[in-house]
Amino acid sequence: SGSGMKQHFIDRHHGREPVDYLHPTMEQALGDTYGVMIYQEDVLKVAHAVAGMTLDEADTLRRAMSRKRGAREMARNMKRFIEGATANGVPEETACAIWELIANFAAYAYCKAHATTYGELACQCAYLKAHYPAEFFTAVLANGGGFYSAPVYVSEARRCGAPVLPPDVNRSEHNYVQEGHAIRCGLAPIGSLTEKTMNALLEMRDDGPFRNLNDLLARVPVSVGDGEALCQAGALDGLSDKTTATPITRPMQFWQLCGNRESGANRLFAAAATGIPTLPDYSARKKTHLEWERLGMLLSTHPFRYHAAYCHKHDFIACNHLVEYDGKNVTMLGIVIAERRLSLRNGQGCMKFLTMEDVWGIFEAVLFPETYRCYGHLPALGRTVICTGVVQCEHNAPTLIVERIMLPLPDPNPMAARPGMT
């Protein structure tokens, strides 16, 4: 926590720091936590044991501190605490020191039930992620993600050996589902695909898989808009040509979709009645852009693929090796996946906290006020940036203290081109 008590608790638990108490009366209250206040309940126990407060009075004290009440109310609580402590034989100087300890801690405290539940859930999630990555990430994605957006979990699932497969009209369900050691993207994430068409596809598939695009169009009334969404998302790639039984390209899929919607003399593509012309497929780059537009993420590749040549020319540090560069200056390439700006008091400027991703994982970066004034406008969600700074490790957790930010030019990452992302 921000009070620093958590680290004292860990160090004392492992014997790296001696256990001591400001006064013997605190031992009966904090014996289980090695003399450290960890939970909100500890404030109540210390106030009760040291100052003789009733638990109701102690809880009023805790609420006053956690809600940052006015100076007059805090002074009244302090007076009550110190008078009670001295009446119990605690020296006034020691009572004041205990009061300061409580005052600095209370605003950061969790209740024990809340903290314990979070800890239990964190352990369960860590275990599932390590041993059952496909099941774990299927559940996370189907639940709409968590703190980060879906593309971040897709990348992390890929790193954990559970790739997310593209949507498929014969395999996808409404939401994400597990498929062996992989995850199958559902139909719901496809942008602009109507609920009506989605439900019709799933319902008609109960009578058997779609043999080809002709079979699908004969069984499900698909509009051009819905057909285009399915085509661009790659959901029709598993269907083959009716006569040759070979996969058909995206332009050929769309040709057939458009031809299916015309009739008689008004048929736009007359060739659709007798056969599909052989059309070359889209480039990998165009497929990637369409995938991002329709799904809001990249399933077929990592966005860094488009920076491969740039990375080859520069000595970027991978985030999974960041801890090895503690105290050293490094340069890193990353995609901004989360950001938070903090305005400092007394007009001292702003700071920016960034969570960034590269191919190997996720790392944290911080812009202090001076750096923020120069470069704070550059990192935006979805944007790829080059960060240079000093690595600072605390308890084996590295953070990049940013000194300079640049943009890789040109930025071919389709994520950077998304409206509203930059």
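**Exercise 1. Determine how helix α12 is covered, and what follows α12.**

Solution. Step 1: locate the element. In this predicted model, local features need pLDDT of at least 70, side-chain atom pairs count only at pLDDT 80 or more, and totals for chains, interfaces and linings use all residues. Residues are numbered from 1 along each chain as its sequence is written, and side-chain values use heavy atoms, with hydrogens and water left out. Helix α12 spans residues 224-233; helices (H or I, at least four residues) and strands (E, at least two) are DSSP runs, numbered from the N terminus.

Step 1: apply the cut-offs. Buried means under 20% relative accessible area, exposed over 50%, and partly exposed in between (1.4 Å probe, protein chains only). Seven of the 10 residues of α12 are buried, and the helix is mostly covered. The buried residues in α12 are D226, G227, A229, L230, C231, Q232 and A233.

Step 2: look past the end. G234 follows α12 and has a positive phi, near 85°.

**Exercise 2. Describe the overall build of the protein from its elements, its radius of gyration and its contacts.**

Solution. Step 1: list the elements. The protein has 16 helices and eight strands.

Step 1: judge the spread. The radius of gyration is 30 Å, whereas the globule rule gives 22 Å for 422 residues; the value is well over the rule, so the protein is more spread out than a compact globule. Here the radius is taken over C-alpha atoms, and the rule is 2.2 Å times the number of residues to the power 0.38. Along the principal axes, the C-alpha atoms fill a box of roughly 100 × 50 × 40 Å.

Step 2: Of the 422 residues, 43% are buried. Among contacts (heavy atoms within 4.5 Å) with a separation of 6 or more, 55% come from residues 24 or more positions apart.

**Exercise 3. Classify the packing of α8 against α7 and against α9.**

Solution. Step 1: take the geometry of the pair α7 and α8. Axes are lines fitted to C-alpha atoms, for helices over the stretch in contact, and angles run from 0 to 180 degrees between N-to-C directions. Helix α7 (residues 112-131) and helix α8 (residues 133-142) pack at about 125°, with axes 5 Å apart. The two helices are therefore oblique to each other, given that angles under 35 degrees count as roughly parallel, over 145 as roughly antiparallel, 65 to 115 as roughly perpendicular and the rest as oblique.

Step 1: identify the residues. From α7 the contact takes C125, L128, K129, A130 and H131, and from α8 it takes P133, F136 and F137. By class, the contact of α7 with α8 has six nonpolar residues, one polar and one charged. In this scheme Ala, Val, Leu, Ile, Met, Phe, Trp, Tyr, Cys and Pro count as nonpolar, Asp, Glu, Lys and Arg as charged, and the others, Gly among them, as polar.

Step 2: Helix α8 packs with helix α9 (residues 150-159) at an angle of about 175°, with axes 10 Å apart. This angle makes α8 roughly antiparallel to α9. Residues F137, V140 and L141 of α8 meet A150, Y153, V154, E156 and A157 of α9. The contact of α8 with α9 divides into seven nonpolar, no polar and one charged residues.

**Exercise 4. Classify the aromatic pairs F9 with Y34 and F147 with Y148.**

Solution. Step 1: state the rule. A pair of aromatic rings is described by the distance of the centres and the angle of the planes. Rings of Phe, Tyr and Trp (its six-membered ring) pair if their centres lie within 6.5 Å; planes under 30 degrees apart count as stacked, over 60 as edge-to-face and the rest as tilted. The structure holds six aromatic pairs.

Step 1: treat F9 and Y34. Their ring centres are 5.5 Å apart and their planes stand at 55°, so the pair is tilted. The pair links distant parts of the chain, 25 residues apart: F9 is in helix α1 (residues 5-13), and Y34 is in the loop between α2 (27-30) and α3 (40-51). At 25% relative accessibility, F9 is partly exposed; Y34, at 25%, is partly exposed.

Step 2: treat F147 and Y148. This pair is edge-to-face, with 4.9 Å centre to centre and 85° between the planes. F147 is exposed, with a relative accessible area of 68%. Ring pairs link F147, Y148 and Y153 into a cluster.
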